[in-house]
Amino acid sequence: MYLACDLLICNRTFDGFPQTFFEAGINGLPILSSKLEAYSDILEDGKDVIYHNGKPENIASELLRIFKNEKLQNQLSKNIIKTVQNCGDIEKWSKVFLDRLEDLLKKRKIIHIPFYKKFMGAFILFFIVMFRK
């Protein structure tokens with residue numbers, strides 16, 4: 001699926017586990033994303049990804065900037081592959097995900113998750129917990 005795409009666009013405000021970013025990144029797909037707190041320490045704006053501010057005009061502007069600049073596309077593609085290879089540690093990210101989930105539960109925040117994501121999340125969480133060292 002990623003090989004048929006030119007770019008991954010993400011407009012999320014929260015994401016606990018960067019699976020989509022890892023999958024797109026390892027396939028060399030440039031990423032245009034909202035700045036997600038959990039990833040800001042590893043995904044550098046202008047190097048690995050291009051961050052947008054969530055406004056449609058800004059998303060369109062950044063999208064055009066990427067598509068009009070082949071050198072930027074190649075740079076983003078090459079850098080995101082390296083970053084994912086260096087930082088795509090499932091154990092690290094499962095811990096980040098579980099810590100964040102635990103923090104939200106302690107604060108008694110309501111988490112709205114669509115049904116299909118609940119199912120996949122439960123499946124992934126089961127494997128993370130079962131195979132945690």
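This is a predicted model: local features need pLDDT of at least 70, side-chain atom pairs count only at pLDDT 80 or more; totals for chains, interfaces and linings use all residues.

Reply: Let's start with Ile 31. Leaving aside residues up to four places away in sequence, Ile 31 touches Leu 7, Leu 8, Phe 21, Val 49, Ile 50 and Ile 80. There's also a second, separate core of seven residues, and Leu 7, Leu 32, Ile 50 and Ile 59 are among them.

Now for the 16-residue core, the largest nonpolar one: Phe 21, Ile 31, Leu 43, Val 49 and Ile 80 are the members that touch the most others in it. Strand S1, helix H1 (19-26) and helix H3 (70-87) each put in at least two residues, and H1 gives the largest share, with three. As a rule, nonpolar side chains in soluble globular proteins tend to be buried together.

Next, look along strand S2 itself. Side chains in a regular strand alternate between the two faces of the sheet. In S2, Ile 31 and Ser 33 are on one side, Leu 32 and Ser 34 are on the other, and all four are buried, so both faces are covered.

What about the neighbouring strands? S1 (residues 8-10) runs parallel to S2, joined by three bridges, and Leu 8 stands opposite Ile 31. S3 (residues 50-52) also pairs with S2 in the parallel sense, over three bridges, with Ile 50 as the bridge partner of Leu 32.

Last stop: Ser 33, in S2 (residues 31-34). It counts as buried because its relative accessible area is 1%, and the cut-off is under 20%. Apart from residues up to four places away in sequence, Ser 33 touches Cys 10, Phe 21, Ile 50, Tyr 51 and His 52.

Technical notes:
Residues are numbered from 1 along each chain as its sequence is written. Side-chain values use heavy atoms; hydrogens and water are left out. Buried means under 20% relative accessible area, exposed over 50%, partly exposed in between (1.4 Å probe, protein chains only). Contact means heavy atoms within 4.5 Å. Two strands pair if DSSP finds at least two bridges between them. A nonpolar core is a set of buried Ala, Val, Leu, Ile, Met, Phe, Trp, Tyr and Cys residues joined through side-chain atoms within 4.5 Å.
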